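These are my notes from going through the model. I list what I looked up and what came back.

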Amino acid sequence: MKALSKKRRHPLAAVALLLFGLLITGSLYTAAGNISEAKAAETTAASQSDVDSGQKLFAANCATCHGMHAEGSDSGPSLIGVGAAAVDFQVGTGRMPMQMQGPQAQAKPAQFDDKQISQLAAYVASLGAGPSVPDEEYLDTTEGDAAHGGTVFRVNCAMCHNAAAAGGALTRGKFAPTLTGVTEKHIYEAMATGPQNMPVFNDSNITPDEKRDVITFLKTIEANGSAGGAALGSLGPVAEGLFTWTAGLGIIIAFTIWLTSRPS
Amino acid sequence: MSASNEYTPATTTGRIANFVDSRVGASGIVKEFGRKIFPDHWSFMFGEVAMYTFVLLLLSGTFLTFFFDPSMAHVVYEGSYVPMKGLGMSTAMASTMDISFDVRGGLFMRQVHHWSALLFVASLSVHMLRVFFTGAFRRPRELNWVVGGVLLIMGMAAGFTGYSLPDDLLSGNGLRIIDGVMKALPIVGTYLSMFFFGGEFPGEHVIQRLYSLHIMIVPAVIILLIVIHLFMVVTHKHTQYPGPGRTNDNVVGFPVGPVYAAKAGGFFFIVFGIVALIAGLFQINPIWNYGPYDPSPVSAGTQPDWYIGFVDGALRLMPGVLGNFSFEWNIPFPWGTNTLVLSVLLPALVPAGAIFMVMFAWPWIERWVTKDNREHHLLDRPRNAPFRTAMGMAGVTLYSVMWAAASSDLIATHFHVSLNDVTYWLRTLFFLGPIFAFWLTRRICLSLQRKDREIVLHGREAGIIQMSPEGAFTEKHEEVDVYKRYLLTNFVDRQYIPAEPDAAGHVSGSEKRRAMISKFFFEDRVAPVTPSELEAAHAAHGHHEVEGNKADSIEK
């Protein structure tokens with residue numbers, strides 16, 4: 001302890017203390033976050049016919065905002081006619097049930113398993129016609145054309161999602177998320193149903209084949225990784241400039257100090 | 001040289017050396033230049049970094065010209081990058097794709113070129129900040145400051161013309177903004193844009209034109225300016241930080257030969273190594289992500305390279321309308337209506353113009369206000385010139401706010417805040433930030449000066465607490481050594497100079513304005529410790545001295 005107290009006037013003592021404090025707070029916060037997450041993942045399910053089970057799940061988990069018969073309320077929109085694809089996307093990516101009110105629902109670990117999601121989807125689809133969960137053939141990236149998909153993506157998607165699908169900002173706290181790690185099915189459903197602030201790209205706007213091309217493009221660039229080294233988040237010149245001013249100049253300054261501190 | 005005492009070397013090497021020397025006078029140059037003294041300090045080395053990265057730019061750039069084709073002719077890409085196979089694009093884009101994926105070492109060289117470009121302008125900027133904050137631009141170096149400023153602008157020009165060459169989506173978006181700014185110029189705008197692009201944007205000529213500028217004119221001007229810059233450095237001799245033994249008439253340091261020849265030579269390769277390492281490990285400007293240019297799409301996260309960022313940021317901050325007031329005016333003239341698009345014109349030209357104008361004029365502004373026309377070879381510690389440091393920080397703040405605005409979208413997504421709020425805050429900071437920074441920096445400088453005074457007069461806190469018989473606690477103070485004291489007490493003391501009448505006894509308006517600024521700058525000041533003050537302080541608490549401290553006087 002004596003050695004420690006001797007160093008308390010060291011110029012870096014305040015920095016060290018600050019770092020220590022931040023580390024403690026950070027670890028506690030992470031630990032607390034993990035515990036609540038683990039609780040959220042546990043749910044129970046029942047199963048009779050899919051629609052009936054779906055209705056029960058709906059009444060228990062969704063009706064508070066969307067209404068007992070999915071007719072909508074002040075807190076949530078009507079789900080009549082949104083189709084199975086919308087449910088599969090929103091619930092499958094964990095966006096629904098919503099974690100908190102905010103500019104838009106955020107993805108989190110899915111709260112229901114695949115069976116429950118399909119039951120919910122079946123129930124909502126039974127209320128009115130809407131886009132259904134896509135067939136496997138439109139999700140097969142071996143069939144798609146990545147180059148054409150890239151063109152479609154740049155014209156329709158890149159202005160929000162970034163040309164490298166790294167995501168981008170929208171107004172008033174809304175944002176277009178990164179598309180890395182999103183499953184083929186969810187990408188397709190997002191295009192077909194336009195979740196959150198995304199516009200709907202229906203089949204006459206982007207045909208199912210073109211949707212498959214887009215998915216193929218996204219999966220290709222994801223699989224290719226980044227040629228030429230670490231991508232720095234694929235965020236473009238801002239990340240590159242930040243890197244230049246921090247790491248680049250930092251290393252150079254370290255060397256200049258070393259060079260001029262050496263006795264000649 | 002007479003034939004009788006001509007030196008005859010004995011060895012072959014000696015004969016070759018003598019042959020060269022007797023024809024070009026190399027030994028004279030080495031003798032003169034090799035004994036040139038340069039002071040040693042890490043902050044003096046950023047100019048060097050800029051020069052080395054520029055050499056790197058020339059080397060890697062030459063490699064790229066072997067393979068790059070600046071044509072905008074339409075081709076179908078058939079290279080090895082699958083997600084783009086069969087797409088139509090310009091030859092410029094296709095050849096850049098080939099450099100990236102089909103030329104051996106091409107991607108590495110592209111990345112070396114781009115990273116060193118970013119580092120080149122960054123080190124130029126840091127070098128200029130160092131020169132500004134230490135007052136190295138004062139007489140006789142004002143013109144070299146201007147040359148340096150032009151070098152920075154040329155560096156930005158070189159960077160921007162290069163950024164536009166691959167003809168990918170990002171570079172095309174950048175050119176579209178240039179097109180918009182050109183068209184916003186009143187009356188001549190549309191003509192200028194048509195001339196530049198050879199027709200309606202994007203046309204089929206702009207890449208060739210930018211290429212000529214990028215590989216010929218701009219680098220040639222940069223090389224010329226570097227030569228002028230270095231020539232002036234040799235003529236003026238290098239500045240040095242104040243310290244015992246360092247005066248306005250000498251330079252304390254090491255000679256070029258052998259010390260700096262070795263150090264600078266080694267540093268050259270260190271910079272090479274750092275850039276090569278970064279270029280090998282980190283991707284830059286992945287044009288295959290952005291795709292070929294097409295005027296319809298714009299990607300999220302589209303930004304210019306960092307050195308153009310502040311102009312882009314100003315454009316992002318500028319509102320198109322303010323309440324009911326529109327910044328877009330249609331002015332009817334006899335020949336028809338002309339537009340004046342202030343929402344583009346103001347942010348694109350005014351902040352950058354103002355920053356560079358004040359920057360270029362600053363040596364003269366400072367000379368005018370302080371009436372200090374002496375030669376200065378000793379640098380100021382930034383705290384000892386609070387007005388200048390504060391002005392500099394105000395400028396840095398203004399620049400940084402605009403700079404941050406260029407990444408407003410990324411600030412919003414990465415810190416989970418609203419993009420609108422980021423814009424509102426930055427707009428506020430644009431006006432208030434520099435004022436606050438000026439005030440804060442000056443306060444900090446004055447406080448540091450007061451602390452320096454305190455240390456000189458009363459010594460530094462020794463950390464030894466004594467208890468008197470009455471029970472009072474006092475801390476012992478350790479007197480600073482003479483070298484440190486010299487540093488803390490010897491600086492240029494600038495004072496408020498009231499308006500003075502000219503020879504005819506008349507106080508001119510400009511003199512009154514000068515006095516006003518002088519008052520604003522120097523009303524608050526901390527004077528250096530005088531010998532009598534020091535003596536008085538010593539007499540007052542000599543008994544506080546801590547043993548083992550040699551306080552003798554120093555010859556100035």
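Does Leu232(A) count as buried or partly exposed, going by its C-beta neighbours inside 10 Å? I looked it up in this predicted model. Leu232(A) has 18 C-beta neighbours inside 10 Å. A residue needs 20 or more to be buried and 12 or fewer to be exposed, so Leu232(A) counts as partly exposed.

I went to Leu232(A) for its phi, which is near 55°, a positive value in a residue other than glycine. I placed Leu232(A) in the loop between α10 and α11 of chain A.

I noted Ala165(A) for a positive phi as well, near 60°, and Ala165(A) is not glycine either. Ala165(A) sits in the loop between α8 and β1 of chain A. Around Ala165(A) I found 26 other C-beta atoms within 10 Å, so Ala165(A) is buried.

**Entry: cis peptide bonds**

I recorded a cis peptide bond between Met96(A) and Pro97(A), with omega about -10°. Pro97(A) belongs to the loop between α5 (83-92) and α6 (114-127) of chain A.

In chain B I recorded a cis bond from Arg139(B) to Pro140(B), with omega near 5°. Pro140(B) is in the loop between α5 and α6 (142-164) of chain B.

**Entry: where the chains touch**

I looked up the contact of the two chains, which takes 55 residues from chain A and 58 residues from chain B. On the chain A side, the elements that each supply at least two residues include α7 (146-156), α10 (208-224) and α11 (237-261). The largest share of that side is from α11(A), with 17 residues. By class, the side of chain A that touches chain B has 31 nonpolar, 20 polar and 4 charged residues.

**Entry: nonpolar core**

I then checked the largest nonpolar core, which has 164 residues. Leu120(A), Val124(A) and Val275(B) have the most contacts inside this core. Helix α5 (residues 106-133) of chain B gives the largest share of the core, 14 residues.

I listed the contacts of Leu120(A), leaving aside its neighbours within four places in sequence. They are Gly54(A), Leu57(A), Phe58(A), Val87(A), Val91(A) and Phe112(A).

**Entry: α3 and α10 of chain B**

I took helix α3 (residues 46-65) and helix α10 (residues 256-281) of chain B as a pair; their axes come within 10 Å and cross at roughly 60°. That angle makes α3(B) oblique to α10(B). The crossing of α3(B) past α10(B) is right-handed. From α3(B), the residues that meet α10(B) are Glu48(B), Val49(B), Tyr52(B), Thr53(B) and Leu56(B). Among their partners in α10(B) I noted Phe267(B), Phe268(B) and Val275(B), and Val275(B) is also one of the residues with the most contacts inside the largest core. I classed the contact of α3(B) with α10(B) as 9 nonpolar, 1 polar and 1 charged residues.

**Entry: α14 and α16 of chain B**

I wrote down 17 nonpolar, 4 polar and 1 charged for the contact of α14(B) with α16(B).

Note on methods. Residues are numbered from 1 along each chain as its sequence is written. Chains are lettered from A and ligands numbered from 1 in the order in which they are written. This is a predicted model: local features need pLDDT of at least 70, side-chain atom pairs count only at pLDDT 80 or more; totals for chains, interfaces and linings use all residues. Two residues are in contact if their C-beta atoms, placed from the backbone, lie within 7 Å. Helices (H or I, at least four residues) and strands (E, at least two) are DSSP runs, numbered from the N terminus. Ala, Val, Leu, Ile, Met, Phe, Trp, Tyr, Cys and Pro count as nonpolar, Asp, Glu, Lys and Arg as charged, and the others, Gly among them, as polar. A nonpolar core is a set of buried Ala, Val, Leu, Ile, Met, Phe, Trp, Tyr and Cys residues joined through C-beta atoms within 7 Å. Axes are lines fitted to C-alpha atoms, for helices over the stretch in contact, and angles run from 0 to 180 degrees between N-to-C directions. Angles under 35 degrees count as roughly parallel, over 145 as roughly antiparallel, 65 to 115 as roughly perpendicular and the rest as oblique. A crossing is left-handed if the near helix is turned anticlockwise from the far one by less than a right angle, and right-handed if clockwise.
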